[in-house]
Amino acid sequence: MIATPLRPLSLLLLLSLTGCALPDASAPPALPLAGQWLSPAEDGAELDRQWWRGFGSPTLDALIEQALAEAPDLRIAAERIAQAEAQLTAAGASLFPSLNASAASNRTWSDPGDVGERSSLGLTLGYELDLWGKNRAERLAADAGLDASRHDYESARLTLTAAVASAWFQWLATGERIRINEHNLALARDNLAIVDAKYRYGAAALSDLRRQRTLVLSQEAALLPLREQARQSRSALAILLGRTPQSFELGAGALMALAVPAVGPGLPSELLSRRPDLASAEAALLAADANLAAARAALLPAISLTGSGGLASNALLSLADPTRTLSLGASLGQVLFDGGRLRAQVRLNESRRRELAENYRKAALTALKEVEDALGNAALYRDQEAQQQLIVDEARETLRLVEARYREGADELLALLDAQRTLFSAEEQLAGLRQNRLDGALNLFKALGGGWQAG
């Protein structure tokens, strides 16, 4: 009867079909999300991937475009995607049969003068039945790793663009402080000329003259670290753009002329699909699920099918009058004892999966906090800048009045110096608060994912 030999083959086919399904990957940890943000949020447009254009600076637009094209950090992230694609291809190769070819020809000599010749050509086909989904799980893990690399690229892109913008704001803020201090120095020198003239005509004391000279020297000394800070800001921006600092030139700009864009933050529940780092953590969690399935499948028996065929001839470098061979085989393998290595691998992957689940939960909580903090800081910096602008206006008018009274001899030098000091201190604080507002907008854009959306 022919039914009996087919029963094992039928059972084998049934096992191969039932082993095709992989265990479902568990969902990321659920978080109890609120319906709205606690901090006040301005009404604004939805954030897009070119969020930096909202600052209204063509120079910043050009710098970021150059960074996206030349920055080493982004090229490194792109190469990691290429590596993950290669790993995916290698992992998928196990799902297909392997085919090997071999050829040999040799001559042997033996006493008393016998000569033997033989040539052969053969093909070997091998295939491991993926009964328990081990190979498919490994490919799924590699596929998830590729997704994680792509999300990491988006995170690197967002980090790079924000770093370029922040460095540009730092450059402008330092330039604004240099401008304020240079103006202060010019006024101090003008006042020194007035005090010197009054001293020569006996209308001012020597102490007033020396006090004003000290102020001029102090202003000159204050400019030195600011100019060095500007040089370092330019070098840092050059590195972000993939340029050598020695050949990088950067034009001047007006810090106070930049716009501070407003963006709608959306709902907390939308944040989970707007952050590439969360998408990367979720992909890593999916890869961990697949690796756990592969480790469990490794505990089960492995079945391999082999086939080979070839030609052989008793001639050197010739297959004349060959002998033909063909063979088919199947093998079953099961690990009986390995010192607990495979089961330890399962426990390792289980622990790794739990770790990545907690990493995802921590990343999501951190993302919610970052948005909340960025919204609160944006409102704080906006109010502080408005208040500081009022202080600057009052200090400027006070200085104008004191200067007029001093020239007329109605006020002492100390009153003039105090009015100048108050104004320039207020202007420096205003420049710092404008930089804080710009950086606060950057932090909000980063916290919201920079306009990225999960596909």
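Let me start with the strands: β2 and strand β3 (residues 302-313) pair in the antiparallel sense, over 11 bridges. Strands here are DSSP runs of E with at least two residues, helices are runs of H or I with at least four, and both are numbered from the N terminus. Two strands count as paired if DSSP finds at least two bridges between them. This is a predicted model, so local features need pLDDT of at least 70 and side-chain atom pairs pLDDT 80 or more, while totals for chains, interfaces and linings use all residues. Residues are numbered from 1 along each chain as its sequence is written, and side-chain values use heavy atoms, without hydrogens and water.

Across that pairing, T124 has S308 in β3 as its bridge partner. β2 (residues 114-129) is also joined to β1 (residues 98-110), antiparallel, by 13 bridges. There, S105 is partnered with S119 in β2. β1 and β2 form a hairpin with 3 residues between them, and G113 in the turn has a positive phi of about 95 degrees.

Now the cavities. A cavity is a set of points on a 1 Å grid over the protein atoms alone where a 1.4 Å probe fits but cannot get out; lining residues have an atom within 4 Å of a point. A volume is the space filled by probe spheres set on the points, which are joined across faces, edges and corners.

How many cavities of 30 Å³ or more does the search find? It finds 2 in the whole structure. The largest holds about 50 Å³, and its lining includes R49, W51 and E154.

Notes. 1 Å grid on protein atoms, 1.4 Å probe; cavity = no way out; pocket = protein on both sides within 12 Å on 5 of 7 lines; lining within 4 Å.
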